[in-house]
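Take a look at the model shown below.

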Amino acid sequence: MSHIPAFGLGTFRLKDQVVIDSVRTGLELGYRAIDTAQIYGNEAEVGQAIAESGVARDDLFLTTKIWVENYAKGKLAASLEESLTKLRTDYVDLTLIHWPAPDNGVSLEEFMTALADAKAKGLTRQIGISNFNIELTKQAMAAVGKDAIATNQIELSPYLQNPKLVGFLEEQGIHVTSYMTLAYGKVLGDAVIGKIAQRHQATPAQVVLAWALQRGFSVIPSSTKRENLASNLLAQTLRLTDDDMAQIAALERNGREVSPDGLAAKWDD
C-alpha cells in the first residue's frame, strides 16, 4: 500500500513570485507535501522556495506530473530529469501521468512503462495517474501492475463525487487524491456547507476539506493567503458527524469543472 500524505499544498495556476511566496508560507506553517506539474510552469520557483526554506528534503513529499508532449518512451525520463533539476532535487516522491490524452499518439502501455522505468532509475519513489477513468485505470494496472500505482489524482468535490470511479479505486486499493476539492470556491457559498460550518464553528473550506479527508482522500488545496493556508490545515482536526457526511453526500450534481478536449477520456457517469 502506498503512503501519500493526506494533506498537501497545490500550486496549480500559481506563477513566479506568487508561487514562491505560497510555498514558502506553506512550509513555514507546516505543510510538507507540495504538488506541482510540468505544465504549471512553476517547478523552478517551487524548487527555489523549498531550497530557501531550509526544510530538509527527507521531510518533504514532492509530486510532479508528466505533460502530454513528454509521454513517448524516448522523452519521459529525460523530461523528469529536467523537472528534478528545476526542483533542485535528486528525486521526487511521486510522479503522475497528468492526463490520459487518448488521441495523443502515444499508447497508454508505452507511457506507463516509461514511467515505471523512470521509477526503476530512481528518479521517482512512486508513480501514479491523474484524471484516469475506470477503463484506463484498468489498462494502467495491466501495464505496470496494480501495486505500482500509488494514486489516481482526480477532480472531486461535494458537487462532483465520482461514486463509480471512487468505488472502483477503493475496491482496487488505489489511493484517491482529490483536486479542485472546493470546486473553484463554488461550494464555499453552499447553504448546507454553511450550516455545517456554523455548527462546528469552522469555515466552509475546512468543512469541505474535512469531508474529503474523512472519505479517505488526500487533498492538495492551494492558496496565496497566509490566513487561508493556515486555516485549511485545521481541517485535519475537524470531525464531521455521520449526519454532516450524509448531507454533503446529497450535494452531488456531477459539477465537473475541468475536462479539456483531447486530454480527458470519457468520464464514468
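## The overall picture

Over residues 8-251 the chain is 44% helix and 16% strand. The end C-alpha atoms of this stretch are 25 Å apart. Helices (H or I, at least four residues) and strands (E, at least two) are DSSP runs, numbered from the N terminus. UniProt places the feature "domain: NADP-dependent oxidoreductase" at residues 8-251, in an unreviewed entry. UniProt positions follow the numbering used here, feature names are shortened, and annotations may be inferred rather than shown by experiment.

The model is predicted: local features need pLDDT of at least 70, side-chain atom pairs count only at pLDDT 80 or more, and totals for chains, interfaces and linings use all residues. Residues are numbered from 1 along each chain as its sequence is written, and side-chain values use heavy atoms, with hydrogens and water left out.

## Strand E3: covered on both faces

Strand E3 spans residues 61-66. How many of its six residues are buried? Six of the six are, so the strand is mostly covered. Buried means under 20% relative accessible area, exposed over 50%, and partly exposed in between (1.4 Å probe, protein chains only).

In a regular strand the side chains alternate between the two faces of the sheet. In E3, Phe61, Thr63 and Lys65 are on one side. Leu62, Thr64 and Ile66 are on the other. Both faces are covered.

## Neighbours of E3

Two strands pair if DSSP finds at least two bridges between them. Strand E2 (residues 33-35) is joined to E3 by three bridges, and the two run parallel. Here Ala33 has Phe61 as its bridge partner. Four bridges join E3 to strand E4 (residues 92-97), also in parallel. In that pair, Thr64 is partnered with Thr95 of E4.

The chain crosses from E3 through helix H3 (residues 76-87) to E4, and this β-α-β crossover is right-handed. E2, helix H2 (residues 43-53) and E3 also make a right-handed β-α-β unit. A crossover is right-handed if, with the strands pointing away from the viewer, the path from the first strand over the helix to the second runs clockwise.

## Two residues with positive phi

Arg13 is not a glycine, yet its phi is positive, at about 70°. Arg13 sits in the loop between strand E1 (9-10) and helix H1 (16-29). Is Arg13 buried or exposed? Its relative accessibility is 60%, so Arg13 counts as exposed.

Asn254, another residue other than glycine, has a positive phi near 50°. Asn254 lies in the segment after helix H10 (242-249). Asn254 counts as exposed because its relative accessibility is 54%.
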